[in-house]
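Reader: Please take a close look at one part of this model, the contact between the two chains. Keep it brisk.

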Amino acid sequence: MSETAIPALPPRRLSWPAFLRRKARPESLHGIKSSGFAGQVLPLVLLAPQLVILLMFFFIPAIRGLAQAFLLQDPFGQEVHFVGLENITALLRSAEYWESLRLSVNFTLATTALTFGVGLLLAFATDRVARGRTAYRAVLLLPYAIAPAIAGFVWAFLFNPIVGPAAALLHALGIAWDPNRSGDDALLLVILTASWKHLCYDYIFLVAALGSVPRSVIEAAAVDGARPLRRFFWIVLPMIAPTVFFLLVMNTVYGLFETFAIIDATTRGGPAAATNILVYKVYVDGFVNLDLGSSAAQSVLLMIFAISLTVIQFRLIERRISYDVSQ
Amino acid sequence: MIERASWLDAACHAILVVAALLTCLPLYYALVAGSLTTAEVQQVPLPFLPGGAFVENARAVWTRIGLGRLLLNSVIVALGIAVGKLAISLLSAFAITYFRFRFRGTVFWLIFLSLMLPVEVRIVPTFEAMTDVLMPLRLLVQLSGVDSLVQAMTGWRLEVSANWSLLNSYSGLIFPLMASATATFLFRQFFLTIPDELCDAARIDGASPMRFFWTILLPMSRPNLAALGIIFFLFGWNQYLWPLLFTTEPTMTTVVVGIKQLVPHGDSIPAWNLTMNAALLAMLPPIVVVLLLQRWFVKGLIESGK
């Protein structure tokens, strides 16, 4: 078909929301400079270190993990049987796994809502104030530097029912706080710690996004009589929608995959598996209970979640520019 | 400022001050607890002001878990991850954006498959692969039939029995965390924004690809290198799961993991003052990095999200 031919209308079908849809040319995925160098060997030499490292430390482990998900191995590593999908179906039958999944979803939703909500509020306030912006930002960014595990140790101390100052305050208010006994308290503690640690991430992206909204648009709205809050919800928020969506995906990734350290440092999945989310369960089943088949099967399911999120993310990156005002 | 709305500005300041206090409060209490003696830290409620035992606690921590060695390990691992990741990523991003070569598509997808599969998700297989690095080689020798061929020809039995484990080594801590394509992806995005004319001009002047890389591309990438270097340094310093699993000798672990030994649980004396003291010492280097290099750090964070 020549380039000038009029293309037929594509058939209507269910598709991604507009800002997630793939662009006509996936330029950003196959991008190459139109001016470059010739040569077949040099590029491969340049790529060699990266490829060797990926092969040794990423692909081989990933493939072994995949294979392991279909094998049943006794804890002493003596006998191995091929069991097909048995590990995965056993997982899907176990009430424990569903409970852990439910817990992870609740935990992730709560953390996302808290970090994003507070982050948006703080970013709005930072964008609004004229003085002290740098100082506020510097302080609010501090938790990014702190390791999740260390944040976990500190929060475990603060809310320790015997010596913790925060727990003492709760007790003084008449709240029977004890994360070592009550599953709800433990879950709340983990959610608070994870949100405190991750808030700065959402915050800094939202501050940058708000700063990039053109002043002219906001001034035009102000001239038309829109008050600050109305402008924020009707103009600014839709304009930063790509950042919002990006952060929601990143928060999901964070809640699902990057909270192992916080759980291990505060509650160790307990009490009675009340905070035993998926990434923690993989670790416990694989390294404590030595059930390698089940742990590998859990890894495979986690990988599937992670890859689906990556696909969404990629589509997002491609569509990102389309919200620029210049277009 | 578009209009005056003093009540809103005041509310904004109030919100930010409260948030800043809530951010600092846990750190302040860590400082208070870290400077009390073991008996003082048991008081309910905890004192509001720091005590005088900070140096004493720090000395106790230093000898008890060998903090000096752990800090050194953390510096080596964090720098190793940051420098290694930047170096291999810069080269591979250069190769896939500036060269048209066979297998380019394949290589591209091989690299980007590794995007966003955090080590948490593949710990068990990675652990096994790292304790037995040569397993694929043995398998290859067996499958390819090289060993039986050699045996038939020479009568010798060839056996790859080498057992190479990276357990308790710096390479074992560094390499698996380097194996992800995030940095390659970011450099590639950056190279795509560099004007084509620069490369054309370099070629007309007869520059070789590597000369173009050293004298033009590398200096231009310096801000990005600094920004991403900070992000990966923090990433490496703050790792927990991998060092926890992959070091069985207490002297080879990192400082973040080492603190775990000091966390009171069960019937031990709840010496939270030592735990908090060690926590403060371990968070100090990354906090200094973030505060001093704030501008680069924010840039790196935003870029790494694109």
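Of the 306 residues in chain B, 42% count as buried; buried means 20 or more other C-beta atoms within 10 Å of a residue's own, exposed means 12 or fewer, partly exposed is in between, and C-beta atoms are placed from the backbone. This is a predicted model: local features need pLDDT of at least 70, side-chain atom pairs count only at pLDDT 80 or more, and totals for chains, interfaces and linings use all residues. Residues are numbered from 1 along each chain as its sequence is written, while chains are lettered from A and ligands numbered from 1 in the order in which they are written.

Chain B has 16 helices and zero strands. These are DSSP runs, numbered from the N terminus: helices are H or I with at least four residues, strands E with at least two.

Now the contact. Chain B supplies 90 residues and chain A 83 residues. Two residues are in contact if their C-beta atoms, placed from the backbone, lie within 7 Å. On the chain B side, helix H1 (residues 6-34) of chain B gives the largest share, 14 residues.

The largest nonpolar core has 163 residues. Such a core is a set of buried Ala, Val, Leu, Ile, Met, Phe, Trp, Tyr and Cys residues joined through C-beta atoms within 7 Å. A:Phe153 and B:Ile259 are among the residues that touch the most other members. Helix H9 (residues 183-211) of chain A gives the most to this core, 16 residues.

A:Phe153 touches A:Ala265, B:Ile259, B:Val263, B:Thr275 and B:Ala279, not counting residues up to four places away in sequence.
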